[in-house]
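Here is a short report on a protein model.

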Amino acid sequence: MYDPIATLNMPTDKITYFIAFCIEQYKTAKGMKGEDVSKLFFDKGVVQYLSDNYEVLHTQGHRWLIQDIDEFLTTRSK
């Protein structure tokens, strides 16, 4: 079974919790399984994006984060 959380190599728990929050919010907004969102986020670089931009992104609301992730995914697939 795919275990995305086990593959995280983050120095701080706050970033890990933030990524988990984003996965849960995205899952709920899109009606997806958490495992599918996790795989999508890892495969498309969303986890790295969220980690690299944590300081700015963690201050945003969940609706804004979902929109930002959608935009990130759209630009990555072009």
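Helices here are DSSP runs of H or I with at least four residues, and strands are runs of E with at least two, numbered from the N terminus. By that count, the protein has five helices and zero strands. The order from the N terminus is α-α-α-α-α. The model is predicted.

**Overall figures**

The protein has 78 residues, and 32% of them count as buried. Its accessible surface comes to about 5100 Å². Carbon and sulfur atoms hold 50% of that surface. Among contacts with a separation of 6 or more, 64% join residues 24 or more positions apart.

**The helices**

| Helix | Residues |
|---|---|
| α1 | 13–30 |
| α2 | 34–43 |
| α3 | 46–52 |
| α4 | 54–57 |
| α5 | 62–76 |

**Helix α1 against helix α5**

Two packed helices are described by the angle between their axes and the distance between the axes. For α1 and α5, the angle is about 85 degrees and the axes are 10 Å apart. Angles of 65 to 115 degrees count as roughly perpendicular, so α1 is roughly perpendicular to α5.

Which residues in α1 meet α5? They are F18, F21, C22, Q25, Y26, A29 and K30. On the α5 side, the partners are H62, L65, I66, I69, D70 and L73. The residues of this contact divide into nine nonpolar, two polar and two charged.

**The core**

The largest nonpolar core has 19 residues. F18, C22, Y26, F41, V46, L50 and I69 have the most contacts inside it. Each of α1, α2, α3, α4 and α5 supplies at least two residues of this core. Helix α1 gives the most, with six residues.

Setting aside residues up to four places away in sequence, F18 touches L50, Y54, L57, H58 and L65.

**V37 in helix α2**

V37 lies in helix α2. Is V37 buried or exposed? Buried means under 20% relative accessible area. V37 has 0% relative accessibility, so V37 counts as buried.

What does V37 contact, beyond its neighbours within four places in sequence? The partners are I23, Y26, K27 and M32. V37 and Y26 are eleven residues apart in sequence. In space, their C-alpha atoms are 7.3 Å apart.

Conventions
Residues numbered from 1 in each chain as written. Predicted model: local features only at pLDDT ≥ 70, side-chain atom pairs only at ≥ 80, totals over all residues. Heavy atoms only, no water. Buried < 20%, exposed > 50% of the residue type's maximum accessible area, 1.4 Å probe, protein only. Contact = heavy atoms within 4.5 Å. Areas by Shrake-Rupley, 256 points an atom, 1.4 Å probe, with all protein chains shown as cover. Axes fitted to C-alpha atoms, helices over the stretch in contact; angles between N-to-C directions. Parallel < 35°, antiparallel > 145°, perpendicular 65-115°, else oblique. Nonpolar A, V, L, I, M, F, W, Y, C, P; charged D, E, K, R; others polar. Core = buried A, V, L, I, M, F, W, Y, C linked by side-chain atoms within 4.5 Å.
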